[in-house]
Amino acid sequence: RMSFIEQNLKALEDPELSARIKNAPESHRCRILEAKNGDSVPAWVDAEGNAHAFHSLFEPRREAHKLIQTNDAGFCVFLGLGGGFGPAAALQQNGTVIVLEYDSAALAELLHLKNYTDLFRDSRFCLLLDAEAPEIERTILERYQPALSGGLQVFPLRTRVALDPVPFNAAGSAIQRALDALSGDYSTQAFLGKKWFANIIRNVAHFEEQPWPEKPLETVAICAAGPSLDQHLPVLSKNRHQYFCIAVDTSLPALLHAGIEPDAVISIDAQHISYRHFIGASPQNVYLDLSAPSRSPCPHFFAGCHPLARYFSRNGLHLPEVDTSGGNVSYAAVSFAELLGASRIELYGADFSYPMGVL
């Protein structure tokens with residue numbers, strides 16, 4: 001029969017983490033106490049030999065369930081593994097769990113003393129050992145989806161945190177930074193979500209396949225709406241025949257004013273205010289993200305990074321897929337040029353402003 005440590009490391013399915021735990025120095029600072037209901041409760045043994053339980057010695061499992069239900073959090077970060085009662089309760093409530101630990105020797109001893117395989121095998125469970133702030137922030141940003149998970153709650157295992165307050169306090173700051181970053185992104189999604197969805201459904205309903213430029217292309221000039229575009233307009237006009245010109249929507253008025261008719265105009269903004277850039281212009285080759293409002297009688301559509309747009313592109317519409325994850329139209333234009341097979345891409349005015357206030 002495999003020992004607890006062998007079962008636990010096998011269930012982790014993380015060779016690097018398992019090796020770190022397996023090679024940790026021996027520790028004799030933990031022991032198991034029995035709660036009144038028979039649960040095995042890990043405890044920390046101090047220099048005088050006194051055992052300090054990580055959990056209640058009455059009914060730790062039931063108390064963990066009560067704690068999770070009271071806080072009603074769908075995404076839980078536990079500072080300290082302990083007996084795993086809290087993470088187990090959160091998973092039973094269909095939550096997502098991250099556990100942070102900062103002592104490989106103590107963690108190895110816990111895995112020698114208690115079976116955690118049910119936790120470790122769950123795909124919603126993540127164990128981070130000795131994680132620095134960037135790894136914590138990255139893990140939360142990758143795993144936490146507020147719209148699906150609901151609230152995020154941090155549960156410190158107080159007896160465990162008191163043993164290593166410095167790294168756990170730093171972890172708390174990293175969690176807060178990740179939440180601050182997510183809150184801004186989530187606010188944007190909440191504001192634009194209905195617009196994205198409505199535009200996609202409307203565009204799919206009126207979709208007509210349009211021909212795309214022949215590829216591969218040689219030199220592609222991408223014209224963004226930064227102030228530096230003005231100084232390049234004379235050169236762009238003089239050498240117009242030497243390249244395929246892609247205008248981002250915000251640069252269209254400046255190009256037309258200079259007498260430059262772009263070969264393609266690209267737009268990804270879901271808001272109708274961007275339509276102002278097309279007022280008084282009738283560009284023929286407008287390329288739109290499926291989540292953008294139509295700005296041309298016969299636009300060419302592509303699928304950006306919105307999941308619904310990608311779903312339609314792979315289930316009947318067969319749309320080209322352009323990387324819009326950069327969040328700005330110039331980034332998307334570069335991906336668009338790469339999709340067309342450009343061998344050389346030149347950027348003009350890509351300093352993210354407006355030339356002389358022209359809209």
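I started at Asp103, which touches Arg29, Leu129, Asp130, Arg160 and Asp164, leaving out residues up to four places away in sequence; contact means heavy atoms within 4.5 Å. A reminder to myself: this is a predicted model, where local features need pLDDT of at least 70 and side-chain atom pairs count only at pLDDT 80 or more, while totals for chains, interfaces and linings use all residues. Residues are numbered from 1 along each chain as its sequence is written, and side-chain values use heavy atoms, with hydrogens and water left out.

**Around Asp103**

I found Asp103 in the loop between strand 5 and helix 5. Helices (H or I, at least four residues) and strands (E, at least two) are DSSP runs, numbered from the N terminus. Is Asp103 buried or exposed? Asp103 has 15% relative accessibility, so I put it down as buried (under 20% relative accessible area; exposed is over 50%, partly exposed in between, with a 1.4 Å probe and protein chains only). I also checked Asp164: its C-alpha is 8.5 Å from that of Asp103, though the two are 61 residues apart in sequence.

**The parallel sheet**

In what order do the 4 strands of the open sheet come? I read 6-5-4-7, with parallel pairing; two strands pair if DSSP finds at least two bridges between them. Strand 6 (125-129) and strand 7 (152-156) are the edges, each pairing on one side only. From one strand to the next the twist averages 15°. Between strand 5 and strand 6 I noted 5 bridges, and Leu100 has Leu128 in strand 6 as its bridge partner.

**The hairpin**

Strand 1 (residues 30-34) and strand 2 (residues 40-45) run antiparallel and are joined by 5 bridges. Leu33 has Val41 in strand 2 as its bridge partner. The hairpin has 5 residues between the strands, and there I spotted Gly38 with a positive phi near 95°.

**Two helices crossing**

I then looked at helix 1 (residues 4-12) against helix 5: they pack at about 110°, with axes 6 Å apart. Axes are lines fitted to C-alpha atoms, for helices over the stretch in contact, and angles run from 0 to 180 degrees between N-to-C directions. That angle makes helix 1 roughly perpendicular to helix 5 (65 to 115 degrees; under 35 is roughly parallel, over 145 roughly antiparallel, the rest oblique). Helix 1 contributes Phe4, Ile5, Asn8 and Leu9 to the contact, and helix 5 contributes Ala108, Leu111, His112 and Leu113.

**Aromatic rings**

How many aromatic pairs are there? I noted 11; rings of Phe, Tyr and Trp (its six-membered ring) pair if their centres lie within 6.5 Å, with planes under 30 degrees apart counted as stacked, over 60 as edge-to-face and the rest as tilted. Tyr102 and Phe168 are edge-to-face, because their planes stand at 85°, with centres 5.1 Å apart. This pair links distant parts of the chain, with Tyr102 in the loop between strand 5 (96-101) and helix 5 (104-113) and Phe168 in helix 10 (residues 165-205), 66 residues apart. Tyr102 is buried at 15% relative accessibility, and Phe168 is buried at 1%.

Tyr287 and Phe336 came next: their centres are 5.0 Å apart and their planes are at 50°, so I call the pair tilted. Tyr287 sits in strand 11 (residues 286-289) and Phe336 in helix 14 (residues 329-339), so the pair ties together parts 49 residues apart in sequence. Tyr287 is buried at 2% relative accessible area, and Phe336 is buried at 0%. My last entry: Tyr287 and Phe336 form one aromatic cluster with Trp212 and Phe302.
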